[in-house]
Amino acid sequence: MCGILGIASRTHDVFAEIYDGLLMLQHRGQDASGIVTYTGEFFREKKANGLVKDVFNANDAETLLGKVGMGHVRYPTAGSLSATEAQPFFVNAPYGIYLVHNGNITNTAEQREKVTAKYSRHLRTTSDSEILLNVLADKVADAIKVNGNAEPIRNIFAGVKMTMERIQGAYSVICLVAGVGMLAFRDPYGIRPLSVAKRAAEGEGDDYAFASEDVAFGINGFEKLRDLKPGEAVLIDLEGNMHEFQAVEGKLTPCIFEYVYLARPDSLLDGISVYKTQMRMGQTLAKQIQDSGLDIDRIIPVPDSARPVALEAAKITGIPYREGLVKNRYVGRTFIMPGQAERQKSVRRKLNAIPLELKDHNVLLIDDSIVRGNTIKKIVQMCREAGAKKVYIASASPPVKYPNVYGIDMPTKHELIAHGKDVEEIRQELGADALFYQDLDDLIWAAKEGNPEIESFDCSCFDGNYITGVSGDYLSSLENSSRVSKKKEDMEVVGGSWNAAKLASG
């Protein structure tokens, strides 16, 4: 996950606008937040663990000065959970470069060895984003050796090209380069989203912005220009001019899970409306519901991201749509506490059932996805305690069977309830009376209908096909990483799940 945002203004300091934009991207990461600004002479930086509203305050507007700046909200998928791994990251040469990154690098071991041994660079963290930054710095330095330092934009674009030829995985990146401007680039498959926008400056010229999702633009008066092409780099110089460079030829293959859950429904990614995609997911799910012949009294969404799917499914089937689960919006991340009593409260802190809509009824719960399954299992139990006669489940996405290695926190197959099981075995484990999954072909249709020019999507967590090529050693390293081991321990204590994090984030 993670969200990134950069703004280059011609006339005024950008801290307040970056703050507002990051609030619009908070759903992409809640663990850490960071902002860096550039005055034309000095960088100003602040970052820490926590939500945007908790990390920053009004006093920061007096210190984070600069007409160019960028920010990051982190949901860690590689490295540790330490605040030292909060972004942005910095290297002082060449030029001086700050970087924020959304995605995941999959050849980290090889690149770490090259960066530390061959190029004698010291890495301060275990983050793949810091490796990416140092590779970029190395390659820009190589370009300077060849071209000289007279044309920094040419050197930076050459460095991006060489970086893309070395790095594997998913990456959408924004950088601040001292004395040059703001750079953005996207991996050759365009797996993670990144778009550019502009607005008329108060004087002459235009202001520009880059963001993971276009919902971050409107609040600051920007109008989206377009999505960055796969393998493309765009640089806004300090005079406000846009420079575009196709670093390597790419093939757009966006992550389909963005449309299932990650992106906000009001976002438009690569020409595809997230909201309309979710409605089409409800249309295809409705056919399965009708064909099942089950006696269903109510369709109830698991809030919040399943609502568009459930509404459309209810409309087509004629089954009443009801809000049978209420989400507590004022509870942050569940505090990890020992004891059976506290473990039982972990979901109830987030959701509460409405007995009026459940008692003596056969209900169909629709969720956007089922990953580990612990949370939906507890919701089924909650519905039964509220008096439901039958509890059926429909997942708006196919079974999640494989690790996601491109920036979503699904790093190990042993966490996934669907790995190695058929639908009947999963149904029994969840305690449901029936279970439906979206067909993968139907999910692809739902997304592709929004932009027929996209030939394929990254569906690796559903079909195990890693489009960038992923080694078995890398997958094994994820399975055995200390962070995953620590997460498993925490899950055992709290009785939580990856879906519990979803409840916290919305």
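Predicted model: local features only at pLDDT ≥ 70, side-chain atom pairs only at ≥ 80, totals over all residues.
Which residues of H13 are buried?

## Helix H13

The buried residues of H13 are Thr375, Ile376, Ile379, Val380, Met382 and Cys383. They take up an arc of only 160 degrees around the axis, so they sit on the same side of H13.

Just after H13 comes Gly387, with a positive phi of about 105 degrees.

## The annotated binding site

An unreviewed UniProt entry carries a "binding site" annotation that covers Ser305, Asp367 and Asp368. These residues are spread over 64 residues of sequence, yet they cluster in space, with a largest C-alpha distance of 7.8 Å.

Where do the two aspartates sit? Asp367 is part of strand S19, which covers residues 362-367, while Asp368 is in the loop between S19 and helix H13 (374-385). Asp367 has 4% relative accessibility, so it counts as buried. Asp368 comes in at 2%, so it counts as buried too. On the contact side, the side chain of Asp368 makes a polar contact with the side chain of Ser369, at 2.7 Å.

Is strand S4 enclosed or open? Seven of the seven residues of S4 (residues 68-74) are buried, so the strand is largely enclosed by the rest of the structure. Both faces tell that story: Val68, Met70, His72 and Arg74 point one way, Gly69, Gly71 and Val73 point the other way, and all are buried.

S4 also has strand partners to look at. Strand S1 (residues 3-8) pairs with S4 in the antiparallel sense over six bridges, and in that pairing Ala8 stands opposite Val68. Strand S2 (residues 32-38) runs antiparallel to S4 as well, joined to it by seven bridges. Here Ser33 stands opposite Val73 of S4.

## Cysteines

How many disulfides does the model have? With a cut-off of 2.5 Å between cysteine sulfur atoms, the count comes to zero. As a reminder, a disulfide is a covalent bond between the sulfur atoms of two cysteines.

Take Cys461 as a case in point. The closest cysteine sulfur to its own is in Cys255, 6.5 Å away, which is too far for a bond. Cys461 is buried, with a relative accessible area of 2%. Another cysteine, Cys2, is buried with a relative accessible area of 7%.

## Arg199

Is Arg199 buried or exposed? Its relative accessibility is 11%, so Arg199 counts as buried. This arginine lies in strand S9, which covers residues 195-200. Its side chain makes a polar contact with the side chain of His12, at 3.2 Å.

Conventions: Residues numbered from 1 in each chain as written. Heavy atoms only, no water. UniProt positions renumbered as here; feature names shortened; annotations may be inferred. Helix = DSSP H or I, 4+ residues; strand = E, 2+ residues; numbered from the N terminus. Buried < 20%, exposed > 50% of the residue type's maximum accessible area, 1.4 Å probe, protein only. Polar contact = N/O pair within 3.5 Å; in protein donor to acceptor, adjacent residues only side chain to side chain. Pairing = 2+ DSSP bridges. Arc of directions from axis to C-beta.
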